Amino acid sequence: MDNDVSAGSTTTIVGRLALGVTLLAFGLGYTDLIDGVTAADAVSIAHYVGGVALFVAGLLALRDRDTVTGTAHTALGALWFTWAVSAGSQVSDNAAGLFLLLFALVALSLTLAGGDRLDQGAHGLFTVGLVLLAVGRLADSGALAKAGGWFAVAAGAVAWYAATAALAHWPTALPRRAAGRGVTATG
């Protein structure tokens, strides 16, 4: 599939956009890149875009019998919704760390589920980000939380690219070399 674009269904594209925007907002809040912007500022996006819109896109994908996309979008939608409605609640660092670790297990399952390489990449980066955020919360380490935020930003960028590539017909795979080409022996 050298420069082919696997567009997927409309619900896949909408879900990827919703996930990408949510991950970018969430991750940037942890990076301290933008002065005065924190993860708490991503609550509205996580609630409506990451929670409601992603969940609905997942239900529509399941209706279309797209099990991998439907499962990914509904599971992540439910988790984003839960994170958003519980934000601001007074919970211990251990409880927050545990929630993030459970969230990471879901993202790991989605990474291992197969499907599109870009989706797997986004889920894999998100898994690493969530583990770093969880350990950062459990160990009270701002540096680990910041690193986790950067992984979430990278995951959001991959999800956004996957959606945009499908819409704009951009490549989603690097060209492959023919077997045996590229290295020549002299002599």
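Predicted model: local features only at pLDDT ≥ 70, side-chain atom pairs only at ≥ 80, totals over all residues.
How many nonpolar, polar and charged residues are in the lining of the largest pocket? By class, the lining has 11 nonpolar, 4 polar and 1 charged residues.

**View A. The largest pocket is lined by 16 residues.** Its volume is about 410 Å³. Trp-83, Ser-86, Ala-87, Val-91 and Arg-137 lie nearest the centre of the pocket. Helix α3 (67-86) and helix α4 each supply at least two residues of the lining. The largest share, 4 residues, comes from α4.

**View B. Helix α4 (residues 93-112) packs with helix α5 (residues 117-139).** The angle is about 165 degrees, and the axes are 8 Å apart. Angles over 145 degrees count as roughly antiparallel. The two helices, α4 and α5, are therefore roughly antiparallel to each other. The crossing of α4 past α5 is left-handed. On the α4 side, the contact residues are Asp-93, Asn-94, Ala-96, Gly-97, Leu-100, Leu-101, Phe-103, Ala-104, Ala-107, Leu-108, Leu-110 and Thr-111. On the α5 side, they are Gln-120, His-123, Gly-124, Phe-126, Thr-127, Leu-130, Val-131, Leu-133, Ala-134, Arg-137 and Leu-138. By class, this contact has 14 nonpolar, 7 polar and 2 charged residues. Arg-137, in the α5 part of the contact, is also one of the residues nearest the pocket centre in View A.

**View C. Helix α1 (residues 10-31) packs with helix α2 (residues 43-63).** Here the angle is about 160 degrees, with the axes 9 Å apart. The pair α1 and α2 is therefore roughly antiparallel. Their crossing is left-handed. From α1, the contact uses Thr-11, Val-14, Gly-15, Ala-18, Leu-19, Val-21, Thr-22 and Ala-25. From α2, it uses Ile-45, Ala-46, Val-49, Gly-50, Leu-54, Ala-57, Leu-60 and Ala-61. By class, the α1 and α2 contact has 12 nonpolar, 4 polar and no charged residues.

**View D. Helix α1 also packs with helix α5.** The angle is about 30 degrees, and the axes are 12 Å apart. That makes α1 roughly parallel to α5, because angles under 35 degrees count as roughly parallel. The crossing of α1 and α5 is left-handed. Arg-16, Leu-19, Leu-23, Phe-26 and Tyr-30 in α1 meet Asp-119, His-123, Phe-126 and Leu-133 in α5. By class, this contact has 6 nonpolar, 1 polar and 2 charged residues. Leu-19 contacts α5 here and is part of the α1 contact with α2 in View C.

Key
Residues numbered from 1 in each chain as written. Heavy atoms only, no water. Axes fitted to C-alpha atoms, helices over the stretch in contact; angles between N-to-C directions. Parallel < 35°, antiparallel > 145°, perpendicular 65-115°, else oblique. Left-handed = near helix turned anticlockwise from the far one by under 90°. Contact = heavy atoms within 4.5 Å. Nonpolar A, V, L, I, M, F, W, Y, C, P; charged D, E, K, R; others polar. 1 Å grid on protein atoms, 1.4 Å probe; cavity = no way out; pocket = protein on both sides within 12 Å on 5 of 7 lines; lining within 4 Å. Points joined across faces, edges and corners; volume = space filled by probe spheres on them.
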